[in-house]
Amino acid sequence: MGLAFETEPRNEPRLGLVVLQADETIEGDFRRIMPSDVDLYVSRVPSSVDVTPGTLAEMENHIGQSASLFPTPASFDVIGYGCTSGTSVIGIERVGDLVRSGASVKAVTEPISALLAASGHLGVTRLAFLSPYIENVSSALRSVLAENGIETPVFGSFETGEEAVVARISPASLIEAAVEIGKSTDAEAIFISCTNLRTLDIISTIEDRVGKPVLSSNQVLIWHMCQLAGVKTGKAGFGKLLSGVQ
């Protein structure tokens, strides 16, 4: 027999995340940090196993479709596109337009906009920049940051173009490299680029050793999405930005 039922609105903050097919890290980081009262939805976008300006640009053809795969009755507070270098190639405004073409959303962000917002929040304009990628991928990102008032006078890279390798760079290697470049007096903070790097658990360790704020792609994206949605993070152990300490 048919049974009676009632419906009620769903008022929890609703966030969406467009994740690269090749990314093995970002989803786990988000689920560890996001408050329990936030609804987080994830969609994947086709991406290459190799990271070049050409393969990054190719994602432009798929972002809108990936965004359209979020639940269609839902209106989102924020949707994030989870690729730092991809944003530098496709463009901040273009990424926003593509996401909005596929989903109903109040705000769109990505790691570059998130980094700019986090840097402004912390009052820093000069970063020691650690990248896993080949030179032409890293240089495109540094150029975009420079256009937006963020200098990267100190730079280091692991010079790899394979996503599977990036996801397996050891935390010890990341700590050593970040501390090395972070010692420079030319930098006010450290930025570790790439959503596929396992950075979340080492940020506080690096901050303790260098005495400067440490930012990473996933960390700033989580923080910025929460800021835009009016959601408090207040998570200790993942760096000054997420803990609210300046």
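Me: Contact means heavy atoms within 4.5 Å. With that in hand, what covers the buried residues of H10?

Reply: This is a predicted model, where local features need pLDDT of at least 70, side-chain atom pairs count only at pLDDT 80 or more, and totals for chains, interfaces and linings use all residues. Residues are numbered from 1 along each chain as its sequence is written, and side-chain values use heavy atoms, leaving out hydrogens and water. The cover of H10's buried residues includes helix H9 (171–182) and strand E7 (189–192). Strand E8 (214–216), helix H11 (217–229) and helix H12 (240–243) are also included. Helices (H or I, at least four residues) and strands (E, at least two) are DSSP runs, numbered from the N terminus.

Me: Which residues of H10 are buried, and why are they said to line one face?

Reply: Ile203, Ile206, Glu207 and Val210 are buried in H10, which spans residues 203–210. Viewed along the axis of H10, these buried residues fall within an arc of 100°, so they line one face of the helix. The arc is taken over the directions from the helix axis to the C-beta atoms. Asp208 and Arg209, on the other side of H10, are exposed. Just past the helix, Gly211 has a positive phi of about 75°.

Me: Why is Ser193 called buried?

Reply: Its relative accessible area is 4%. Buried means under 20%, exposed over 50%, and partly exposed in between (1.4 Å probe, protein chains only). So Ser193 counts as buried. Ser193 sits in the loop between E7 and H10. Beyond its neighbours within four places in sequence, Ser193 touches Thr84, Phe129, Leu130, Pro132, Leu141 and Ser217.

Me: What makes Ala146 exposed?

Reply: Ala146 has 52% relative accessibility, so it counts as exposed. Ala146 belongs to helix H7. Its C-alpha atom lies 9.7 Å from that of Arg126, 20 residues apart along the chain.

Me: Why is H6 called oblique to H7?

Reply: The axes of H6 (residues 111–122) and H7 (residues 135–147) cross at roughly 45° and come within 11 Å. That angle makes H6 oblique to H7. Under 35 degrees would be roughly parallel, over 145 roughly antiparallel, 65 to 115 roughly perpendicular, and the rest is oblique. Axes are lines fitted to C-alpha atoms, for helices over the stretch in contact, and angles run from 0 to 180 degrees between N-to-C directions.

Me: Which residues join H6 to H7, and of what class are they?

Reply: H6 gives Ile112, Leu115 and Leu116, and H7 gives Leu141, Val144 and Leu145. They divide into six nonpolar, no polar and no charged. Ala, Val, Leu, Ile, Met, Phe, Trp, Tyr, Cys and Pro count as nonpolar, Asp, Glu, Lys and Arg as charged, and the others, Gly among them, as polar.

Me: How do H9 and H10 pack?

Reply: Their axes are 10 Å apart, at an angle of about 35°. H9 contributes Leu174, Ile175, Ala178, Val179 and Gly182, and H10 contributes Thr205, Ile206, Arg209 and Val210. By class, that contact has six nonpolar, two polar and one charged residues.

Me: How do you know that the buried residues of H5 line one face?

Reply: Val95, Gly96, Leu98 and Val99 are buried in H5 (residues 92–102). Down the axis of H5, they fall within an arc of 165°, so they line one face. Glu93 and Ser101 are exposed on the other side of H5. The buried residues of H5 pack against helix H3 (63–67), strand E3 (76–82), helix H4 (84–90) and strand E4 (105–109).
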